[in-house]
Amino acid sequence: MIARVFRGKGRPVVLVPLQTHFHAGHAALLRAARRIPGAVTIVAAHPSIDRRMLVDAHIDAVFRYTDETLWPNGKRTTIAVADRGMLPPAHLSADATRILALINAVGCSDVILGENNYELLVTVQHAITDLHFPTTVHSVPTVRMPGGVAVSAKNLDIPASSQEQLLALSAALTAGAHASEHGTGAVLAAVRSVLSAANLTADYIELFAPTLAPAPETGDARLFAAVTINGQQFHDSVGLPLGIGFKNLEA
């Protein structure tokens, strides 16, 4: 295994797990991997991703996989995920199980994940900690388009006629974050107000601590929201200093 060779020489082996798409958000993950001193960067990718795109990203190796090659005996084991009323637990469990399987298959020392799917990021971090994986998780902030919409395969494919409503989701989270000085009630009200102005109703608006524990009255928190546009659910999240406000943060 290539990872064992390099880890035996004291070099970190950094995994960037992908699925079937490659976009600017994934490019940011690869840049973060290459910034780790001495890193050997391995991308785990579905065969549908064009190899030339990965070569242009200056990675060291590609681990090609499908469900059949990753689980030749079938997917017999999955991790249990708490239902927080946001992403469906079955969907979150499947994605987290896939990432954990890739970590073991590659034998990496580090893994890079994006904050655009924050609930998955924390779920994987918890599993790695609780199951004593010798792996360090690094997070990368969400990459956003000029209007503030998070870069994702689903967001990039949304029809032009629905883009204004999708912009409203990111605008609502921004408004909520800027109301953070005044506490939970003000944050939730700001999100609802912006969504209402765009004729949208939230599927959920939730505040949690960064670890997905209950949100503190004062301190770091994560604001989540989702809306349904033309039958598809779109979700996003941002960090904020709850009960403090950005302008009151110490320099």
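Me: Which strands do the buried residues of H2 pack against?
Reply: This is a predicted model, in which local features need pLDDT of at least 70, side-chain atom pairs count only at pLDDT 80 or more, and totals for chains, interfaces and linings use all residues. Residues are numbered from 1 along each chain as its sequence is written, and side-chain values use heavy atoms, without hydrogens and water. Helices (H or I, at least four residues) and strands (E, at least two) are DSSP runs numbered from the N terminus. With contact meaning heavy atoms within 4.5 Å, the partners of the buried H2 residues are S1 (13–17), S2 (40–45), S4 (110–114) and S5 (136–140).

Me: Which residues of helix H2 are buried?
Reply: Buried means under 20% relative accessible area (1.4 Å probe, protein chains only). In H2, residues 24–34, this applies to Gly 25, His 26, Ala 28, Leu 29, Leu 30, Ala 32 and Ala 33.

Me: How far apart are the centres of domain 1 and domain 2?
Reply: The bounds, from an automatic or database domain assignment, are 2–140 for domain 1 and 153–242 for domain 2. Taken over C-alpha atoms, the separation of their centres is 26 Å.

Me: Which residue forms a salt bridge with Glu 115?
Reply: A salt bridge requires a side-chain nitrogen of Lys or Arg within 4 Å of a carboxyl oxygen of Asp or Glu. The rule finds one across the interface of domain 1 and domain 2. For Glu 115, the closest N and O atoms are 3.4 Å apart, and the partner is Arg 222.

Notes:
Buried means under 20% relative accessible area, exposed over 50%, partly exposed in between (1.4 Å probe, protein chains only).
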